[in-house]
Amino acid sequence: MRLSDLLHYTVRDSDGIELGRVSDVRIVQDGRILRGVQAAFRVDALVVGRGGVAERLGYMRARVNGPWLVRVLLTRFEQRAHVIEVDQIDHWDDDAAVITLRAGRR
Amino acid sequence: MTDARVLHATLDLLDRQLLDRDGILCGNVDDLEIDRDETTGEVYVTALLTGPGILAYRLGARRLGRWTQRANRRIHDDDVPGVLEDRTRIPIELAGQIGPSISVAVGAKDLASHDAERWTLRHIIAHIPGNSSRAPQ
């Protein structure tokens with residue numbers, strides 16, 4: 001799969017409610033060691049919805065608190081975005097380009 | 001122990017300039033290859049994709065992208081030694097420093113980015129009378 005394919009996937013919760021489209025992918029370099037050189041690049045989470053810019057700038061989950069005007073604006077964006085950790089994914093439907101989350105996750 | 005590096009694919013990797021092992025500009029990151037382990041559910045970025053056709057595919061012109069990739073493979077001169085199985089695919093473990101540009105542990109000649117230029121130089125420009133440049137051997 002290519003990233004450009006993944007950016008067309010729609011994410012739904014376990015009740016079938018649509019959360020949005022994947023807008024970015026958060027990667028953590030903490031996987032297994034590749035060729036004895038460096039750790040693998042693990043996809044840690046999907047950024048879903050149009051508030052992806054808030055996540056990238058560190059404004060999701062109150063990691064960055066200021067300046068206040070930026071915080072207020074981006075917090076509004078944040079309300080439209082979801083960060084979905086990969087272990088919350090229940091099912092990938094590659095034909096329909098839909099990702100379904102586990103029960104209890106929104 | 002240092003914290004693991006955190007990146008955002010579209011912000012930190014896509015469209016970044018690639019530098020080969022000698023610091024020569026050798027293309028941009030046009031897309032990423034992602035591999036999903038069906039057993040564990042883990043997902044990894046496995047390669048940087050660059051070269052003719054990759055960007056067209058990403059921008060939605062998928063048929064054009066695949067056609068361009070096939071056409072580029074046809075004009076690639078096989079006598080150019082390469083270390084990559086697929087000249088549009090750089091395994092992620094060969095990526096070094098990631099910043100405003102991304103350094104990769106391959107040579108520019110190992111990548112497909114400049115195949116059309118090389119082909120034109122070797123098969124057209126080099127045969128024009130009065131041409132002072134020499135085709136790469």
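**Chain A, strands S1 and S8.** I began with strand S1 (residues 10–12) of chain A, which runs parallel to strand S8 (residues 98–101) of chain A, with three bridges joining them. Strands here are DSSP runs of E, at least two residues, and helices are runs of H or I, at least four residues, numbered from the N terminus; two strands pair if DSSP finds at least two bridges between them. A:Arg12 has A:Thr100 in S8(A) as its bridge partner.

**Ground rules.** I noted that this is a predicted model, where local features need pLDDT of at least 70 and side-chain atom pairs count only at pLDDT 80 or more, while totals for chains, interfaces and linings use all residues. Residues are numbered from 1 along each chain as its sequence is written, chains are lettered from A and ligands numbered from 1 in the order in which they are written, and side-chain values use heavy atoms, with hydrogens and water left out.

**The other side of S8(A).** Next I looked up strand S7 (residues 89–93) of chain A, which pairs with S8(A) in the antiparallel sense over four bridges. A:Trp92 stands opposite A:Ile99 there. S7(A) and S8(A) make a hairpin with four residues between them, and A:Ala97 in the turn has a positive phi of about 55 degrees.

**Chain A overall.** I got three helices and eight strands, in the order α-β-β-β-β-β-α-α-β-β-β along the sequence. Of the 106 residues in chain A, 49% are buried (under 20% relative accessible area, 1.4 Å probe, protein chains only).

**Across to chain B.** Strand S2 (residues 18–29) of chain A runs antiparallel to S1(B), with four bridges; A:Ile27 has B:Leu7 as its bridge partner.

How many residues does each chain bring to the contact? I found 32 from chain B and 31 from chain A, where contact means heavy atoms within 4.5 Å. The area buried between the two chains is about 2,900 Å², with 58% from carbon and sulfur atoms; buried area is the accessible area (1.4 Å probe) lost on putting two parts together, summed over both.

**Salt bridges.** The rule (a side-chain nitrogen of Lys or Arg within 4 Å of a carboxyl oxygen of Asp or Glu) finds two across the interface. One joins the side chains of B:Arg36 and A:Asp94, at 3.0 Å, N to O.

**Chain B's side.** S4(B) gives the most to the side that touches chain A, with five residues. By class, that side of chain B has 20 nonpolar, four polar and eight charged residues (nonpolar: Ala, Val, Leu, Ile, Met, Phe, Trp, Tyr, Cys and Pro; charged: Asp, Glu, Lys and Arg; polar: the others, Gly among them).

Conventions:
Buried means under 20% relative accessible area, exposed over 50%, partly exposed in between (1.4 Å probe, protein chains only).
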